[in-house]
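Please load the model in a viewer and follow the selections below in order.

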Amino acid sequence: MFDGIVPDALASLFPRQRRDALIELRRDLHQHPELAFAEERTATALERALSVVNPVSIKRVAGTGIVARIRGRDPGAPVVAVRGDIDALPIQESTGLRYASVHAGVMHACGHDVHATWAVGAAHLLAERPATGDVLVVLQPAEETGAGAAAIIATGALDEVSAIFGAHVDRRFLVGEVVAQAGPIAASADTFEIELVGRGAHGARPHESADPVVGAAALISALQTIVARRVDPATPAVLTVATVHAGTASNVIPDRAMVGGTLRAVDSETRALLAAELRRVADGIAAAHGLTATVSIGLGPPPIVNPERQAAWAREAADLLLGPGAVKPLGITYMVAEDFAFYMERIPGCFMRIGAREPDGRVIAAHSPQFHAAEASLFVGAAVLAEAARVASAALAQGT
Ligand SMILES: [Zn+2]
Ligand SMILES: [Zn+2]
């Protein structure tokens, strides 16, 4: 379980001192997790770790974000970026790790301790063997709230970036396996809230009411038909009702009920269809029950759809480092979202999945209190991100 072993293919990139520094950094971050936009200690530790590689500059952006510029060989060449996210989740850890969280109720349950360490590791590798152009190493706060990437973009810190790479640990894949394919790799995540307003009454006199509780029950069932009957069955989509609120007493029919949840899709047409059908069904069911429906939809991250050219650069990097066979197909689309999508709306790039399961380990979903990434995945992610930046930088400089 505690295997800070560098995969053979990467051994020359991580001599003992570098290896130990990265393991120590990751364990320190894991032990001291901080929530979105409160990553002060984390950011200070990362600034310190980055300063060792003597970057051109280290800038604090968006509060607890950091952008470090690593010098390329040609100052005029296009700039590329690698991104690691740094925030933790409000979860009580139960991994049993020696370096488990010391902050009650806060945990790196999504592997962002590893992602942050990857970015620092990539900075080391790029300082040692520079890309053609400069590389920006981006440490992003607040991925879990979906707000961090947008905050970084708003600072203008990435305005000159021509390609961006990021990745997520994934225990469905073994350490040394990398997913870097073109096409959808993460879903959109929009939220919805439907307020049904009717007319309250005594619980013993339902005929005098327009009952939003019965309306909400009918609505929850009817919403299930959207994915089942409106979305092409060959297209992934999710509509989950996750919150229902109504009423305060057992003998009072309330005035209103709230129904809320999440919408997921991997293409913009299906994303739009889910929202439009949600409104149509809500209005129709409300009318049938003498209620009015007010639907609000909060747009979250769009889907991540890796373009072919940038995905090919990432695959080339993984092949170069790990040999043929390391690159694996994603398989069934995993309908979670990533706010890396906001970068990809503006900057072409590739989002990867990096295998994080030990050879004898079990699959554990992110956001579980037991989630942890195999330590050896530290080296794979750092090396692949650095190499992807080099491949992209060279290709962009040559105009290929
Ligand atoms: Zn997460
Ligand atoms: Zn995550």
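Begin with Arg-19 and Asp-20, whose side chains form a salt bridge with an N to O distance of 3.0 Å. The model is a predicted one. Asp-20 is partly exposed, because its relative accessibility is 30%.

Next, select Arg-41 and Asp-28, which are joined by a salt bridge of 2.9 Å, N to O. Arg-41 belongs to helix H2 (residues 40–51) and Asp-28 to helix H1 (residues 16–31), so this pair ties together parts 13 residues apart in sequence. Arg-41 is partly exposed at 33% relative accessible area, and Asp-28 is likewise partly exposed, at 23%.

Then display Arg-26, Arg-27, Asp-113 and Glu-375, which are linked in a network of salt bridges. The whole structure holds 25 salt bridges.

Move to the zinc ion (ligand 2). Its coordinating atoms are Cys-110 (SG), His-112 (NE2) and His-168 (NE2), at 2.1 to 2.3 Å. The zinc ion (ligand 1) is 3.2 Å from the zinc ion (ligand 2), and Cys-110 coordinates both. Cys-110 and His-112 are buried.

Centre on Val-178: beyond its neighbours within four places in sequence, its contacts include Leu-322, Met-352, Val-380 and Val-384.

Technical notes
Residues are numbered from 1 along each chain as its sequence is written. Chains are lettered from A and ligands numbered from 1 in the order in which they are written. This is a predicted model: local features need pLDDT of at least 70, side-chain atom pairs count only at pLDDT 80 or more; totals for chains, interfaces and linings use all residues. Side-chain values use heavy atoms; hydrogens and water are left out. Donors are N, O and S atoms within 2.8 Å of the metal (3.2 Å for Na, K and Ca); water is not among the atoms, so sites may look incomplete. Buried means under 20% relative accessible area, exposed over 50%, partly exposed in between (1.4 Å probe, protein chains only). Contact means heavy atoms within 4.5 Å. A salt bridge is a side-chain nitrogen of Lys or Arg within 4 Å of a carboxyl oxygen of Asp or Glu. Helices (H or I, at least four residues) and strands (E, at least two) are DSSP runs, numbered from the N terminus.
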